[in-house]
Amino acid sequence: MSTRRNIRIAGSIVKTLFGLLVFSVCALVLWRVFFSTKLPDSMEGIHVNQPLAEAYDTYGEALEFQYQNQFSMTYSETNAGYFGIAEYVIIPKANQVQVILRYNNSTLKHLQADYQLPSLPEKGGDYFDFTLRQITDLTPTNTGDNSDPAALEILRHTPSHVSMDTTALYTYYRLVFDGVEIDESAVCSILLDIYYVEDRNYEQPAYGALLIYDDLASWIPYRLSAADKQALQAAK
């Protein structure tokens, strides 16, 4: 009887431990899906600076906030999953683009391996250079020469505002670019380029590049939150 009782007790313990393991795995998955990707409070809402405030003062509710449905993560063989865009907005009448970029902790491990760094970069460090690469077709009526570099003009924008925050898994950047004029009849594309600061050469491919505007893609309205609208009203 004692042996059978011990077997039952052992069986109950095994079942309990297995149940706890399953529960822990499910809780971890749910946390990653619903909570780990939540933006830090400092990244919530749009950033209202002088150019945006002036555009809102001029156009009011007619000021359009929009974006496109582009692939949100780097996906080439050399940088798959390194960087992602949590959200972004293009404000044509303000000549402004705002991007919230993020990368997870494993990106720093890749950075160490890719550049053979002696130690793992500490989280929250200043390792990356961010620019917008705007590509304009100089001969928009001739689509046959789009592969010719001489037919394209590349304009690079540096951010007018950069802020950073971290969570348990991610590092976030809010990037604001001003002076981005989008002539939809000529501008082919706009990409966010990310370079390692110690290997910043704009003549070479970026460490990561994310498309945010394509002249063939459709616009999607960006919905302002109540806090966004209050911030715009307060800045008038």
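Mentor: A residue is called buried here when its relative accessible area is under 20%, and exposed when that area is over 50%. The model is a predicted one. With those terms in place, we may turn to helix α3.

Helix α3 spans residues 105-114, and its buried residues are Thr107, Leu108 and Leu111. Viewed down the axis of α3, these buried residues fall within an arc of 100°, so they line one face of the helix. The background to this is simple: an α-helix has 3.6 residues a turn, so residues three or four places apart point the same way. On the face of α3 turned away from the buried side are the exposed residues Lys109 and Ala113. After the helix comes glutamine 116, which has a positive phi, near 50°.

What lies over the buried side? The cover of the buried residues of α3 includes the strands β3 (96-104), β4 (128-137) and β8 (187-196).

Strand β4 contains phenylalanine 128. This residue is buried, with a relative accessible area of 4%. Leaving aside residues up to four places away in sequence, phenylalanine 128 touches Thr107 and Leu111, and its other contacts include Phe83, Tyr103, Ile194 and Tyr195. Thr107 and Leu111 are also among the buried residues of α3. Phenylalanine 128 and tyrosine 195 are separated by 67 residues in sequence, yet their C-alpha atoms are 5.5 Å apart in space.

Strand β8 is mostly covered, as 10 of its 10 residues are buried. It pairs with β4 in the antiparallel sense over 9 bridges. Within this pairing, threonine 136 has valine 187 of β8 as its bridge partner. Strand β8 is also joined to β9 (residues 208-214) by 6 bridges, and these two strands run antiparallel. Here serine 189 stands opposite aspartate 214 of β9.

The protein has 4 helices and 10 strands, and from the N terminus on its elements run α-α-β-β-β-α-β-β-β-β-β-β-β-α. Buried residues make up 36% of the 236 residues. Of the contacts between residues at least 6 apart in sequence, 66% join residues at least 24 apart. The protein exposes about 14000 Å², of which carbon and sulfur atoms supply 54%.

Note on methods. Residues numbered from 1 in each chain as written. Predicted model: local features only at pLDDT ≥ 70, side-chain atom pairs only at ≥ 80, totals over all residues. Heavy atoms only, no water. Buried < 20%, exposed > 50% of the residue type's maximum accessible area, 1.4 Å probe, protein only. Arc of directions from axis to C-beta. Contact = heavy atoms within 4.5 Å. Pairing = 2+ DSSP bridges. Areas by Shrake-Rupley, 256 points an atom, 1.4 Å probe, with all protein chains shown as cover.
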